[in-house]
Amino acid sequence: MGGLQYWLADERRGQESRFIKRFAATHWTVNFPRPMMASVVTTGPDALRMDAVFYGSGDLAGLIWDAEDRWSHPLLAYETARDFRACRLSFRWRSGGVRRLDETHGPTLTIEGRDAEGSPRAWYVRLWNYAEGGPEDAVVTLDFASLVGGYRLPEEADPVWAGDIDRMFISLVPPGYDEGDTPFPAAVEGWAELSDIACDGAGSVIAVGDVMLPEHGLSMATGYDDAFNQTPQRIVEAIHALGYRGAINHYVGMSHYFRLERAGGGLFVSLAGGVLNGPCAAWHRDFADRARAMGMGVIWSLSYELFDAHCWGDWKQRAENGDPALTGWVPPSTLLSPAHEGAMAYLKAVAGAFVGIAQAAGLPVLFQVGEPWWWVMPGDGRICLYDDAARTALGGDPVSIPSVWAGLDAAQTALLDAAGAVLAASTAALCAHVKTLAPGAVTHLLAYLPTILDPRAPEAKRANMPVGWARPAFDVLQLEDYDWVTEGRPTLTARGVALATERLGYRQEEQHYLAGFVLLPEQAGQWRAIADAAQASVARGTAATFIWALPQICRDGFTCFNFAGEDDVQEFDDVVFPLAIGREASVSPAFSTQIVESVSGHERRSSDWADARLSFDAGSGVRSDSDMAALIAFFRARRGAARGFRFTDPYDDRSGPPGAPPSPIDQRLGTGDGVSAEFPLMRHYGEGAEAQGRRITRPVPGSIRVAADGVEMTDGWSHVGMGVIAFDAAPAAGVVLTAGYRFDVPVRFAEDRLEINRATFAAGEAPSVPLVEIRE
C-alpha cells in the first residue's frame, strides 16, 4: 500500500547501532535560568564550546551530561548507563569571562545520583582539584573510581560513589557571581571550551543508535526555543538520519535570540552591541554550517511574537481597553504592533542578522514571516489593534469593535480592511529589507488557518489574511492548521486550504504545508492525524510538506517511511451517468449473509455487511444511436471498470418520500455533544433501533438542507465532501441534528467489456449495461 507509513518507536528492536565514547562532544547539553542565555556547539570531533551571557549575580549555566539520553529519538539515542566507576574522563579546559578554575564558585562538576545504599545524593567536585595548568587553561583528569568532592582536599573530602548516576553538569558563572540576585548594569559574556575530550576504561564505550531511514519526501520544521540546549550537529544529523530532506523550516523563536538592556528596573530587547546575543549567534552559525554540509537548506522563520517580559510596552498590540496581546504560553509572549516603527525596525535588524548568517554559510537565503496577525483575545474575540501606533495609523480614533465574533457593520469591516492594509505593508517592508540584503532571497509567508479563518469571526480575515498578501507579495505561501489536525477535522483543513488559495491566489506548487504538532506526550495518538494530513498535502500537490516539530518527534519516537506520494483512494470521476434511466431499469440490492444449518434443521445466520450493495442494469437508457455513441464515449472515458462515477437510482434518490422535495427534517444526522463538529449524511430504512443505516457520500450539489432541533439552518454549516456536514461551531450537547437531500449512488461499470449489437438493438432489444455500487 502506498502513502505515508509511521510508527512510534519507544526503543530500538534490532535496528542498527554503533558505539561511541561516553562524553562525546555532540551529546552534551546546556541549561540555565532566565533571563541569561547559553548555548553549546561542537568545534571538533572531541571538542565543544559553551557561550553564555549573564545579567545578574545569581546566574549560573550548566554544561550537562545525562546518563539517560532524554533528547534523542529512541532509534538514535545512546544507551542508559548510570555506572561511571570504570570511566576516566580527561579534557583540556579553556575559558574567559567567567569565574576561573581556582576561584570560589569556579567551574564545579555537580554529580546527581544515589549513594551505595540507594539514597539520593549530590556531590560537588571542584575541577581545580583535578587540574594541571593555569586557572583558565588546564588539563582536567577525572577518575570516577576515586573521585572526591569538596572544595578543599583533604579537609573537606566527600568521596563520590559513581555507581548510580542520573546526570552531571559543569557550572559556569560570571566573575561577579555571589548566589544573589543583584542585577548587573550591563550584560556579561563568558565562554568555556573543552577540547581533547577523552574517556578511557572499561565503562568508556556506550551503544548509540545508528539508524538511517530512507528519504520519505517530508521536510522538518523545528525551532530554536525548543532546541537551544542541544548542539546543532546533533540536531541536524538527527533530522537527516530520520529521513527528512529539503530545507529545514527553522523558527528562530521569540524568547532566546535577543540581546537585553536595563531600563526602568526591567530588561528589554536591545540592539546595543549587536542584534543577536552571543550564544544564539554562535549556535546559528554552526547550525547553518551543519545544514549546508548535509545538503539541506534553512528557511529562517521570524514572527511578530516576542517574550512579553522583555518587550517594550509601546511595541505591544493592545485591545481597546489597553490590555496587551498575550498568548497562552506560560510565561506569556506578546505580539508586536505592525504599526509601530520601532518594533518593525527591530524585526528588520533581526532578519538581517539571520540573513547574514545564511550568507556566511553559503546557503541560499530563504526567509519566512511567521504567523503575522492582529491578535484576537481567545476569551471574548476582542481584536488588538488599538495600541497608540495602530490608532494613529488607522486614523486616530478607530471605531470600536467589541468582538470580531459578533456581527459587524460597514464601519467596523472597513476598519478591519484598513488594519489588514497596515499588516500587509509591514510584511512587505520586512521582505523588501531582506531582498535588499539578499536580492535572490525567497520569501515565505506562514499563515495559521484556524485563527485567520475562525468560523466565529468570518470577517477577521480582512485584517489577518489581507488582500495585500495576494500573489506575488511573497514567493511561497505556507499554511498550518495543527489545531484542526489534532482535533481530527481534516475537512476543515481542506476547506481552509481552498479558501486561502482562492483568496491569495498562490498555486498549489507555490505552497508549503506544516502538519502537527503534538504538544503533550499523553496526546501521542494525534500522530495518526498528522500523518494523514501530511499525506493529504502531498496528494494535493503541495511543493513541500513539513512535520512540526523535532523535539516532539524525538520524544514520542515518531518514525515515518515508505512515502510513495500516491493516493490510496480509488479513482472516481465526479460526473453523472449521461443517459436518463426510467423506471424500467433494473436494480438489485444485495446483502452477504453467512448461514450455518445444524443437523436438526436450525439455522444460525450472520450478516457480513451493515448495508446492502446495489447492482443496476442501465441498458434501458439507450434509446437511440446518439445514446449509444454517448454510452461508448462515457465507457471509454471511465476506462471500463477502472473509474467510478455517479448514478441516479430511479427508485431511491432522496432523503424523503419518492417525488417529494427534500425537507431539513427528513433524516437524522446525530446529536450534538459540544465537541463534534462533523456529521455524515445518513439514509435510514425502517424504524427505531432496527433501522438499517446507509452512508450517503454523493449528495446532489445544492440539494442539502440542515436543521437543528427542527429549525432550518441557512448558514453555519457546509458540505465538505463525501457527504460530511461540517458545522462552523460544534453543536451544543443535546441538539438534535437532521438533514434532507437528494443523492446519487457511486458506481462503476461491472466489467471491462461493453457488448452492444446493432442488429439486436435495432430489433428493440435493450443492451445490457451492468453497474455495481462502490463502497466509499
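Me: Is strand E14 mostly covered or mostly exposed?
Reply: Mostly covered: six of the eight residues in E14 (residues 165–172) are buried. Buried means under 20% relative accessible area, exposed means over 50%, and partly exposed lies in between, with a 1.4 Å probe and protein chains only. Strands here are DSSP runs of E with at least two residues, helices are runs of H or I with at least four, and both are numbered from the N terminus.

Me: What kind of model is this, and how are residues numbered?
Reply: The model is predicted: local features need pLDDT of at least 70, side-chain atom pairs count only at pLDDT 80 or more, and totals for chains, interfaces and linings use all residues. Residues are numbered from 1 along each chain as its sequence is written, and side-chain values use heavy atoms, with hydrogens and water left out.

Me: Back to E14. Which way does E6 pair with E14, and over how many bridges?
Reply: Strand E6 (residues 61–66) pairs with E14 in the antiparallel sense, over six bridges. Two strands count as paired if DSSP finds at least two bridges between them. In this pairing, Gly62 stands opposite Ser171 of E14.

Me: And how many bridges join E8 to E14?
Reply: Five; E8 (residues 108–114) and E14 run antiparallel. Thr110 is the residue opposite Phe169 of E14.

Me: What does UniProt list at residues 20–209?
Reply: The UniProt record, an unreviewed entry, places "domain: Non-contractile tail sheath N-terminal" there. UniProt positions follow the numbering used here, feature names are shortened, and annotations may be inferred rather than shown by experiment. In the model that span is 0% helix and 52% strand, and its end C-alpha atoms lie 10 Å apart.

Me: What about residues 214–558?
Reply: The UniProt entry, unreviewed, lists "domain: Non-contractile tail sheath TIM barrel" for them. This span is 38% helix and 17% strand, with end C-alpha atoms 14 Å apart.

Me: Where is Thr327?
Reply: In the loop between strand E22 (305–307) and strand E23 (333–335). Thr327 counts as buried because its relative accessibility is 11%. Its side chain makes a polar contact of 2.7 Å with the side chain of Ser333. A polar contact is a pair of N or O atoms within 3.5 Å; within protein, one must be able to donate a hydrogen and the other to accept it, and residues adjacent in sequence count only if both atoms are side-chain atoms.

Me: Which residues does Thr327 touch?
Reply: Leaving out residues up to four places away in sequence, Thr327 touches Glu305, Pro332, Ser333, Leu335 and Trp375. Contact means heavy atoms within 4.5 Å.

Me: Is Tyr741 buried or exposed?
Reply: Buried, at a relative accessible area of 0%. Tyr741 sits in the loop between strand E44 (736–740) and strand E45 (745–749). A polar atom of its side chain lies 2.5 Å from the backbone oxygen of Met682. Beyond four places in sequence, the residues that Tyr741 touches include Arg654, Pro662, Leu681 and Ile704.

Me: What caps the N-terminal end of H6?
Reply: Asp409, with a side-chain oxygen 3.1 Å from the backbone nitrogen of Ala411.

Me: How many helices and strands are there in the protein?
Reply: There are 14 helices and 46 strands. Of the 776 residues, 52% are buried. The C-alpha trace spans about 115 × 80 × 50 Å along its principal axes.
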